[in-house]
Amino acid sequence: MKILIKNIKELLQTDDTPRTRVAGDEMASLPTIKDAYLFIENGLIKDFGQMSGLSDSDFIDGLDFHVIDASGRMVMPAFCDSHTHLVYDGSREIEYIDKIRGLSYEEIAKRGGGILNSARRLQEASEEALVEQAMVRMEEIRMFGTGAVEIKSGYGLTTDSELKMLRVIKKLKELSPLTIKATFLGAHAVPAEYKKRQGEYVDLVINDMIPMVAGEELADYIDVFCDRGFFTEEETDRILMAGVKHGLQPKIHANELDFSGGIQVGVKYNALSVDHLEFTGEEEIRVLKESNTMPTLLPGAAFFLEMEYPPARKMIDSGLPVAMASDYNPGSSPSGNMQLIMSLGCIKMKMVPEEVIHAVTINGAYAMGVENELGTIAKGKKANVIITTEVPTYAFLPYAYGSNKVEQVIVNGMI
Ligand code: NIG
Ligand code: FE
């Protein structure tokens, strides 16, 4: 299939020399081409440039040749959502009501709600039912402009159920056109039966789960919820060491509820990303600056749980890159809408539109290890692109929060 998108009002996030991530001051400048075209062939970006440089004979008309007139519209790379938990059974709006009535996330978790609630349900659900529910969510996020997504396990919490969850993600990789990365998150919460024996659960993750997950090649990455009331820095250290030995690079939950040491231990094991980071001080920023680890912020969770937002401004002003992801999950962020995430980045974390666009495209791609194939408009990259509705400027995208500004999504060069 060949697709020529012409008369594009502004083509965003173009790359002449490939960038793998964008940091600090550079996040405020977005490369774009006004009055542009984009040519896609066999699923890849073949060419792009200014309309004035396009002559009709450049692309021979053929049978499978589509022309899209994008007058008044922006075209940009589809979102790379580098942190989700979108495989789960059912939903948790009962806890939402508890939350409205005043219970905190940790209080709900202590009463056996939260992650353990989803784990109980997932353990009983069939693989087919989980695939079916997840496919609906995948379709929903695609309509909002997501072209690549990372999905975690972590609602299994037994060896069998963790493997089941990862097999569901493997099935999604086969069924969905989206680019998917799978992350093993056996250390998401301590199951009730291990309540007083947390160390034994950590041993189970290390000795049982990790070897089987790696043996079946079910995961690309390993994650731990390193935070107050969940897993300690020492436990995280042991789990990551075992994961790395089995070829799983870390991508961890850190510093959502407190200064947990999670950022430091993630960097120690060369984590691809450390995520959440509501509690980030000078020391954490210093450690991140000396690393290749992508700080990934999840403002949807901070919004839903009414917590402090991560200090995005301070991070960027210190020269760090920042990625943003949805954290799509039933407990702390029941939405995978990356356009809303962009709005929260601007409204709540004082990022400018250029910065949030970098955070959900190239930096998100880096945070899930696909920066060489996705995240920018570059020749040879996979054609995962969004065509917006008619908008006056690209700042309109995070500004007009709540409505869907995505008119068409092209994934793998398919409309
Ligand atoms: O990223 N922080 C830990 N895990 C999820 C929440 C999962 C849940 O509540 O089900 C998160 O916010
Ligand atoms: Fe999460």
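Mentor: Let's start in the loop between α10 (299–304) and α11 (312–317), where you'll find Glu306. Keep in mind that this is a predicted model.

Trainee: What's the phi of Glu306 like?

Mentor: Phi of Glu306 is positive, near 55°, and this residue is not a glycine.

Trainee: And is Glu306 buried or exposed?

Mentor: Glu306 is exposed, since its relative accessible area is 68% and the cut-off for exposed is over 50%.

Trainee: How accessible is Asp35?

Mentor: Asp35 comes out at 42% relative accessibility, so it counts as partly exposed.

Trainee: OK, switching to the ligand. How many residues surround ligand 1?

Mentor: There are 15 residues around ligand 1, and the closest are Tyr105, Tyr155, His188, Asp327 and Ser332.

Trainee: How does that shell divide into nonpolar, polar and charged?

Mentor: The shell around ligand 1 has 4 nonpolar, 8 polar and 3 charged residues.

Trainee: Which side chains put an N or O atom by an oxygen of ligand 1?

Mentor: Ser332 is one of them, with a side-chain N or O atom 2.5 Å from an oxygen atom of ligand 1. The side chain of Arg92 also has an N or O atom 2.9 Å from an oxygen atom of the ligand.

Trainee: What about a nitrogen atom of ligand 1?

Mentor: For that, look at Glu256: a polar atom of its side chain lies 2.9 Å from a nitrogen atom of ligand 1.

Trainee: How much of ligand 1 does the protein cover?

Mentor: The protein covers 100% of it, where the accessible area of ligand 1 on its own is 330 Å².

Trainee: Where does ligand 1 sit, then?

Mentor: Ligand 1 is in the largest cavity.

Trainee: New topic: side-chain pairs within the protein. What joins Thr179 and Lys382?

Mentor: Their side chains are joined by a polar contact of 2.7 Å. Thr179 is in strand β8, which covers residues 179–187.

Trainee: Is Thr179 buried or exposed?

Mentor: Thr179 is buried, because its relative accessible area is 8% and buried means under 20%.

Trainee: Now the loop between β1 and β2. Which threonines can we compare there?

Mentor: Thr17 is in the loop between β1 (2–12) and β2, and Thr14 is in that loop too. Thr17 counts as exposed at 61% relative accessibility, whereas Thr14 counts as buried at 9%.

Trainee: How far is Thr14 from Thr376, in sequence and in space?

Mentor: Thr14 and Thr376 are 362 residues apart in sequence, while their C-alpha atoms are 5.9 Å apart in space.

Trainee: And how far apart are Thr17 and Lys379?

Mentor: Thr17 and Lys379 are also 362 residues apart along the chain, with 9.8 Å from C-alpha to C-alpha.

Trainee: Is Pro191 buried or exposed?

Mentor: Buried, as the relative accessible area of Pro191 is 4%.

Trainee: Last one: where's Glu290?

Mentor: Glu290 is in the loop between α9 (282–289) and β12 (294–297), and it is exposed, with a relative accessible area of 63%. From Glu290 to Leu320 the C-alpha distance is 9.7 Å, for a separation of 30 residues in sequence.

How values were computed. Residues are numbered from 1 along each chain as its sequence is written. Chains are lettered from A and ligands numbered from 1 in the order in which they are written. This is a predicted model: local features need pLDDT of at least 70, side-chain atom pairs count only at pLDDT 80 or more; totals for chains, interfaces and linings use all residues. Side-chain values use heavy atoms; hydrogens and water are left out. A residue is near a molecule or strand if one of its heavy atoms lies within 4 Å of it. A polar contact is a pair of N or O atoms within 3.5 Å; within protein, one must be able to donate a hydrogen and the other to accept it, and residues adjacent in sequence count only if both atoms are side-chain atoms. Accessible areas come from the Shrake-Rupley method with a 1.4 Å probe; for residues, only the protein chains shown count as cover. On a 1 Å grid over the protein atoms alone, a cavity is a set of points where a 1.4 Å probe fits but cannot get out, and a pocket is an open set with protein on both sides within 12 Å along at least five of seven lines; lining residues have an atom within 4 Å of a point. A molecule sits in a cavity or pocket if more than half of its atoms lie within 2 Å of its grid points. Ala, Val, Leu, Ile, Met, Phe, Trp, Tyr, Cys and Pro count as nonpolar, Asp, Glu, Lys and Arg as charged, and the others, Gly among them, as polar. Helices (H or I, at least four residues) and strands (E, at least two) are DSSP runs, numbered from the N terminus. Buried means under 20% relative accessible area, exposed over 50%, partly exposed in between (1.4 Å probe, protein chains only).
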